[in-house]
Amino acid sequence: MNSFKIIEVKESVFENNNTQADKLRAELAEQKLFLLNLMSSPGSGKTTTLVKTIQTLKDELNIGIMEADIDSDVDARTISQTGAKVIQLHTGGMCHLDADMTRQGLAALDTEGLDLVILENVGNLVCPAEFDTGATKNAMILSVPEGHDKPLKYPLMFSIVDVLLINKIDAMEFFDFDLAAVTRYAKKLNPNITIIPISAKTGEGIDKWAQWLRMQVTA
């Protein structure tokens with residue numbers, strides 16, 4: 001017989017976070033503040049996409065950005081050049097944000113007068129998918145160079161997001177990327193997912209993405 005106890009803590013940790021996330025979501029709804037949790041791999045074009053998004057919507061919506069990284073302030077500096085309100089969040093080595101960390105970020109950002117806050121989560125397709133941030137909606141970016149098989153490799157991420165942006169479609173001809181296949185894989189995991197091909201570099205598809213955001217914020 002073992003002389004020690006084995007306690008499974010994973011479920012209770014997630015359960016507590018989920019409770020806090022639901023509470024935060026309810027508070028955001030009362031404030032009429034839309035919070036989008038944006039996730040992706042590093043290098044997929046999150047920050048570039050945010051710049052294009054801000055440029056498209058800045059005359060219609062008051063936008064705040066929370067940039068989450070393990071370290072550095074590179075992304076926050078880039079966003080600050082758009083004139084949008086921005087704050088940099090350092091996770092202290094953690095590969096994700098949870099509901100309490102998101103709440104701290106919102107308090108530091110000061111959301112008074114904002115219509116839309118976008119949280120650019122830490123770049124990876126594993127940890128951020130496991131922790132509910134309390135966001136109103138979840139979005140992710142998959143870039144063409146990453147390949148169309150990613151829904152097969154990271155099913156949880158694709159199953160929890162409301163919208164999938166397929167970025168860098170301007171480079172489609174240089175990569176063996178099957179748009180029909182990734183659409184099929186993602187829809188099998190998440191039949192209600194909205195898929196929007198974009199190019200943050202050229203601006204292609206950004207208007208459709210901006211329209212999705214408009215509809216969500218004003219709903």
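Colleague: Is Arg 25 buried, partly exposed or exposed?
Modeller: Arg 25 is partly exposed, at a relative accessible area of 22%. Buried means under 20%, exposed over 50%, and partly exposed in between, using a 1.4 Å probe and protein chains only. This is a predicted model, where local features need pLDDT of at least 70, side-chain atom pairs count only at pLDDT 80 or more, and totals for chains, interfaces and linings use all residues. Residues are numbered from 1 along each chain as its sequence is written, and side-chain values use heavy atoms, leaving out hydrogens and water.

Colleague: What does the side chain of Arg 25 meet in a salt bridge?
Modeller: Asp 22, at 2.8 Å, N to O. A salt bridge here is a side-chain nitrogen of Lys or Arg within 4 Å of a carboxyl oxygen of Asp or Glu.

Colleague: How many salt bridges in the whole structure?
Modeller: A search finds seven.

Colleague: OK, Arg 103. Which residue does it bridge to?
Modeller: Glu 27, with the closest N and O atoms 2.7 Å apart. That pair links distant parts of the chain, Arg 103 in helix α4 (residues 99-109) and Glu 27 in helix α1, 76 residues apart.

Colleague: And Lys 150, buried or exposed?
Modeller: Buried, with a relative accessible area of 13%. Lys 150 forms a salt bridge with Asp 149, closest N and O atoms 3.2 Å apart.

Conventions:
Helix = DSSP H or I, 4+ residues; strand = E, 2+ residues; numbered from the N terminus.
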